[in-house]
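Biologist: I would like to go through this model with you and ask, for each label, what it rests on.

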Amino acid sequence: MLNKVLESQVVDEGRKSRLSKKTILEIVHSVERGASRREIFNRYGIPKTTLSGWMREYGSPSYHASLKPLSLNILITQSLEKLMGKGSALGKTMRWDG
């Protein structure tokens with residue numbers, strides 16, 4: 001009985017997980033195969049941040065390559081919006097007419 005309890009806890013930098021590493025890897029692979037994240041949240045009772053961390057840490061290279069990066073236009077727009085919103089010198093001299 002004690003062995004089962006110990007097997008179900010993964011120790012990672014002082015943190016314990018109630019799921020075994022094998023189960024975590026199965027969850028990650030099921031997401032990579034297209035399982036709904038909502039289904040995973042409900043089935044295993046884990047928060048979004050936990051699953052995101054597992055995907056970052058244990059996701060396959062092909063999974064990471066398939067993630068769509070933000071386009072340069074989106075990044076530039078977000079940067080300009082931050083500058084304009086903070087009332088910087090650039091924001092005070094530039095006007096958006098569109």
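Biologist: What does the secondary structure of the protein come to?

Modeller: The secondary structure comes to seven helices and two strands, where helices are DSSP runs of H or I with at least four residues and strands are runs of E with at least two, numbered from the N terminus. From the N terminus on, the elements run α-β-β-α-α-α-α-α-α. This is a predicted model, in which local features need pLDDT of at least 70 and side-chain atom pairs count only at pLDDT 80 or more, while totals for chains, interfaces and linings use all residues. Residues are numbered from 1 along each chain as its sequence is written, and side-chain values use heavy atoms, with hydrogens and water left out.

Biologist: Why are α2 and α4 called roughly perpendicular to each other?

Modeller: Helix α2 (residues 21-32) and helix α4 (residues 48-58) pack at an angle of about 90 degrees, with their axes 10 Å apart. Angles of 65 to 115 degrees count as roughly perpendicular, under 35 as roughly parallel, over 145 as roughly antiparallel and the rest as oblique, and α2 and α4 are therefore roughly perpendicular.

Biologist: Which residues make that contact?

Modeller: With contact meaning heavy atoms within 4.5 Å, α2 contributes Lys-21, Ile-24, Leu-25, Ile-27, Val-28, Val-31 and Glu-32, and α4 contributes Leu-51, Trp-54, Met-55 and Tyr-58.

Biologist: What makes Ser-30 buried?

Modeller: Buried means under 20% relative accessible area, exposed over 50% and partly exposed in between, with a 1.4 Å probe and protein chains only; Ser-30 has a relative accessible area of 15% and is therefore buried. Ser-30 lies in helix α2 and, not counting residues up to four places away in sequence, touches Ala-35 and Ile-40.

Biologist: Which residues of α2 are buried, and why are they placed on the same side of α2?

Modeller: Thr-23, Ile-24, Ile-27, Val-28, Ser-30 and Val-31 are buried in α2. They cover an arc of only 160 degrees around the axis, which puts them on the same side of α2, the arc being that of the directions from the helix axis to the C-beta atoms.

Methods. Axes fitted to C-alpha atoms, helices over the stretch in contact; angles between N-to-C directions.
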